Amino acid sequence: MRHLLSILFILVSAQTYGQQSLNGLSRQQALQLAQEKNPQVKLAILKKEKQQVLKASALGISSPEVIFEASTYDELRPGILQSFDFPTTYIRKHQSQNQQIAIAETEKQITLNQLRYQVNSTYNEMQYLREVFASYQQQDSLLEDVVEVTNIRLEVGQISNLEKLNAESQYREVKYQLDQVKSKLRTVSVHMSLLTGNPNDTSITAGDEFSKITLGNNVLNSAEAYAGNPLTKYYDQNKRLQHLQLKQNQSYWFPSLIVGYLDQGPRNNSPMQYRMRYGFTFPLWFWTNSSQVKAARKNVNIADQQVVLNQYDLKGNYTQALSELRQYTEALNYFEQTALPQAQEISKTAREGYRLGSIGYYNYLLNLQQ
């Protein structure tokens with residue numbers, strides 16, 4: 001029994017040692033874990049591997065036909081026929097499949113791009129909520145002192161019971177807000193655990209400091225932003241793919257080639273050139289392939305419109321993001337340069353005045369809210 005417990009202790013210790021602690025996770029660590037463990041990335045990799053496996057199918061030669069004929073009227077002779085598509089068909093198939101592989105790689109880049117955006121956004125929210133939580137903790141401590149002072153002033157008859165109840169009400173409200181922020185932090189932590197591929201870890205916290213990002217002249221212009229976005233590359237590649245598939249469907253209008261062997265002479269005495277068969281298929285029933293070509297042309301038109309629509313979407317998203325960046329930059333500058341210094345001075349002066357009794361409770365709360 002003692003040996004069994006020792007073995008279990010070693011196994012648990014080894015497992016705990018092998019796990020990476022996500023408490024105080026840095027932004028770079030979060031991005032790296034998401035890229036390695038997120039199921040979306042693994043799915044994108046599998047899709048690309050699937051297209052690579054299908055590359056051999058571009059040389060899709062039809063199965064040979066084994067036939068038996070009694071050309072000599074006294075016995076069945078075996079023969080074989082093999083048909084081949086027109087050579088350009090295999091070339092178009094090969095080009096189309098290579099394009100499919102390129103598109104799968106771009107889809108992987110799109111997945112990584114979206115995942116990085118989600119991780120960064122979630123990490124920003126974790127940092128923000130952490131600061132909000134700290135702010136409410138400060139308010140909680142402040143109002144706790146207010147309640148204590150209010151109780152003392154009520155006992156000595158300086159204030160009424162109504163002011164005491166109002167102070168306690170404000171204190172409970174801050175307590176409620178503190179619990180709400182704690183709940184939001186827990187939810188964001190769970191979201192980050194899912195993004196980083198650690199669904200069982202609910203203790204993830206942001207380790208990086210909450211600091212202002214200085215972009216300076218690093219904001220891309222619209223042309224650079226569009227060119228660098230993988231969605232632009234994806235729709236351009238899809239457009240090329242549709243053109244290749246159109247040419248592939250058009251190549252089916254050409255006849256296929258047939259090569260075969262059948263011995264028709266008595267007892268294998270016929271010359272070799274008469275045992276060979278050659279022929280071609282004639283695409284008589286053209287309407288089937290004609291409809292496929294028309295559908296392929298529509299796919300080309302659809303791909304062209306998707307390129308235009310993607311440019312509109314990117315332009316709208318880029319303009320909105322740039323506008324929000326300028327708006328938040330102006331707001332941040334105002335709070336840093338004007339609002340926060342004034343708020344700190346008002347809070348300090350109001351607290352001291354309330355403690356000394358120079359201002360009343362309502363004026364004190366009014367100053368705190370301001």
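Helix 2 and helix 3 are oblique to each other, and I shall begin with this pair. The model before you is predicted. Two packed helices are described by the angle between their axes and the distance between the axes. Here, the axes of helix 2, residues 27-37, and helix 3, residues 39-53, cross at roughly 45° and come within 5 Å.

By class, the contact comprises 3 nonpolar, 3 charged and 1 polar residues.

I turn now to helix 4, which covers residues 87-155 and contains Ala134. Is Ala134 buried, exposed or partly exposed? Its relative accessible area is 30%, and Ala134 is therefore partly exposed. Leu178 lies 44 residues from Ala134 along the chain, and the C-alpha atoms of the two are separated by 9.0 Å.

Finally, I consider helix 7, residues 230-251. This helix has 22 residues and reaches 31 Å from its first C-alpha to its last, close to the 32 Å expected at 1.5 Å a residue. At the start of helix 7, the backbone nitrogen of Leu231 has a side-chain oxygen of Asn229 within 2.8 Å. Several residues of helix 7 are buried, including Pro230, Thr232, Gln237 and Asn238. Leu241, Gln242, Leu244 and Leu246 are also among the buried residues of helix 7, as are Gln248, Asn249 and Ser251.

Notes:
Residues numbered from 1 in each chain as written. Predicted model: local features only at pLDDT ≥ 70, side-chain atom pairs only at ≥ 80, totals over all residues. Heavy atoms only, no water. Helix = DSSP H or I, 4+ residues; strand = E, 2+ residues; numbered from the N terminus. Expected span 1.5 Å × (residues − 1). Buried < 20%, exposed > 50% of the residue type's maximum accessible area, 1.4 Å probe, protein only. Polar contact = N/O pair within 3.5 Å; in protein donor to acceptor, adjacent residues only side chain to side chain. Axes fitted to C-alpha atoms, helices over the stretch in contact; angles between N-to-C directions. Parallel < 35°, antiparallel > 145°, perpendicular 65-115°, else oblique. Nonpolar A, V, L, I, M, F, W, Y, C, P; charged D, E, K, R; others polar.
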